[in-house]
Amino acid sequence: MAAHRKPRQRSVGGRTARTAWTIALAGAASATGFDGTGHAEPQPTPAQVKAKVDKLYQEAEAATEKYNGAKEQADAAERRIRTLQDEVARRTEKLNSARDALGSMAAAQYRDGGLDPALQLALSDDPDRYLDGAEFAERAGNRQAASVAAVRQQLREIEQLRGAARIELTSLKSRQAELHRHKNTITGKLDTARGLLARLTAEERAQLQGDAGRAARSSTGSRDALTAPGSATAQAPNSRAAAAISYAYSKLGSPYVWGATGPDAFDCSGLTQAAYRAAGLSLPRTTYAQIDAGRRVSRSELLPGDLVFFYSGISHVGLYIGNGQMIHAPNPSAPVRVAPLDEMPFAGATRVA
């Protein structure tokens with residue numbers, strides 16, 4: 001008899017494995033495309049890149065103004081700490097002199113045997129001077145007690161000053177940590193913007209930079225054509241506003257550098273602060289403080305020399321020069337230049353001079 005063979009059975013697991021493999025291949029094909037290349041996200045157009053970069057610059061500038069505010073507070077805390085330290089040193093020197101005087105008094109008493117002054121006078125060889133001497137001794141005792149009380153008061157005052165210095169130091173450390181956070185935010189957004197621009201072709205970058213370049217050349221041309229800012233200063237309400245405008249004109253073409261206040265580079269509020277500093281007027285450091293530094297005026301009331309502010313967070317400022325134009329420090333992609341007010345969303349204006 002022939003041996004009976006078991007019929008070959010198809011492996012269910014094998015069919016499942018092949019089916020899964022087929023599905024996986026199909027999924028891979030749909031994910032990578034039939035030509036074997038991946039479906040990457042579509043490359044943004046130059047216009048989309050510009051919109052993203054502009055938004056990053058605006059966010060970086062908002063962080064810059066927060067950085068400027070934190071730095072102003074940190075600088076003030078450092079000044080207060082130095083003042084407190086100087087006062088502690090002065091008080092300590094005075095305290096040491098008082099301690100030396102008490103030490104001399106104590107040494108004299110020890111040399112005299114520590115006797116009560118009245119008894120010493122009673123045993124003296126000149127009893128006729130007893131009463132006068134006793135009165136003197138009482139005065140000396142009172143002075144000693146007053147000296148001790150003064151030393152104790154000086155010690156309390158010095159400790160209070162040191163406590164105030166410790167509080168200021170804590171405040172300074174907090175401001176320094178805030179500075180670090182804002183600096184990281186600024187550099188991160190600027191790095192992202194540079195990365196986006198780097199993905200464009202040279203031709204696309206040139207196209208995007210064309211408008212900025214033409215505006216910069218136009219503003220530089222305006223500077224060359226107007227050795228004095230002409231009608232802008234003539235229309236200024238006073239000499240300080242005129243001087244600020246003249247300064248801003250002289251800085252056309254200067255680079256934008258965040259945190260800079262001149263004389264060779266500026267951020268937006270650094271430029272307006274420097275312009276009015278040259279005119280003899282001290283402005284706060286940040287946009288959100290500068291807007292409260294003078295009298296608010298409407299857009300229809302603008303005069304050359306007014307400060308004009310943009311965005312809902314008051315994160316940008318320029319110096320109005322008339323005819324719907326301003327001088328401002330835009331962002332790292334463009335230097336100090338003349339620009340229309342309509343370039344950004346208008347938020348308000350202040351007359352500081």
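A polar contact is a pair of N or O atoms within 3.5 Å, where, within protein, one atom must be able to donate a hydrogen and the other to accept it, and where residues adjacent in sequence count only if both atoms are side-chain atoms. The views show a predicted model, in which local features need pLDDT of at least 70 and side-chain atom pairs count only at pLDDT 80 or more, while totals for chains, interfaces and linings use all residues. Residues are numbered from 1 along each chain as its sequence is written, and side-chain values use heavy atoms, with hydrogens and water left out.

**View 1. Asp-306 in the loop between β1 and β2.** Asp-306 lies in the loop that joins β1 (295-297) to β2 (307-310); helices (H or I, at least four residues) and strands (E, at least two) are DSSP runs, numbered from the N terminus. With a relative accessible area of 1%, Asp-306 is buried, a word that stands for under 20% relative accessible area, whereas exposed stands for over 50% and partly exposed for values in between (1.4 Å probe, protein chains only). The side chain of Asp-306 reaches the backbone nitrogen of Leu-303 at 2.8 Å. Leaving aside neighbours within four places in sequence, Asp-306 is in contact (heavy atoms within 4.5 Å) with residues including Val-297, Gly-318, Tyr-320 and Arg-351.

**View 2. Strand β3 and its two partners.** Strand β3 (residues 316-322) is largely enclosed by the rest of the structure, because seven of its seven residues are buried. On one side of the pairing, β2 and β3 run in the antiparallel sense over four bridges, where two strands are said to pair if DSSP finds at least two bridges between them. Phe-310 stands opposite His-316 in β3, and the hairpin of β2 and β3 has five residues between the strands, with Tyr-311 in the turn taking a positive phi of about 70 degrees. Strand β4 (residues 325-328) also pairs with β3 in the antiparallel sense, over three bridges, and Gln-325 in β4 is the bridge partner of Gly-322. In the hairpin of β3 and β4, two residues lie between the strands, and Asn-323 takes a positive phi near 55 degrees.

**View 3. The covered helix α8.** Helix α8 (residues 268-278) is mostly covered, with nine of its 11 residues buried. Among the buried residues of α8 are Cys-268, Leu-271, Ala-275 and Tyr-276. Just after α8, Gly-280 takes a positive phi of about 85 degrees.

View 4. A salt bridge is a side-chain nitrogen of Lys or Arg within 4 Å of a carboxyl oxygen of Asp or Glu, and a search of the whole structure finds 16 of them. In helix α2 (residues 46-111), Lys-50 and Asp-54 are four residues apart, about one turn of the helix, and their side chains meet in a salt bridge (2.7 Å, N to O). The side chains of Lys-55 and Glu-59 meet in a salt bridge as well (2.4 Å, N to O); Lys-55 is exposed, with a relative accessible area of 51%, whereas Glu-59 is partly exposed at 24%. In helix α4, Arg-194 and Asp-191 are three residues apart, and their side chains form a salt bridge (2.4 Å, N to O). Glu-87, Arg-90, Arg-91 and Glu-157 are linked in a network of salt bridges.
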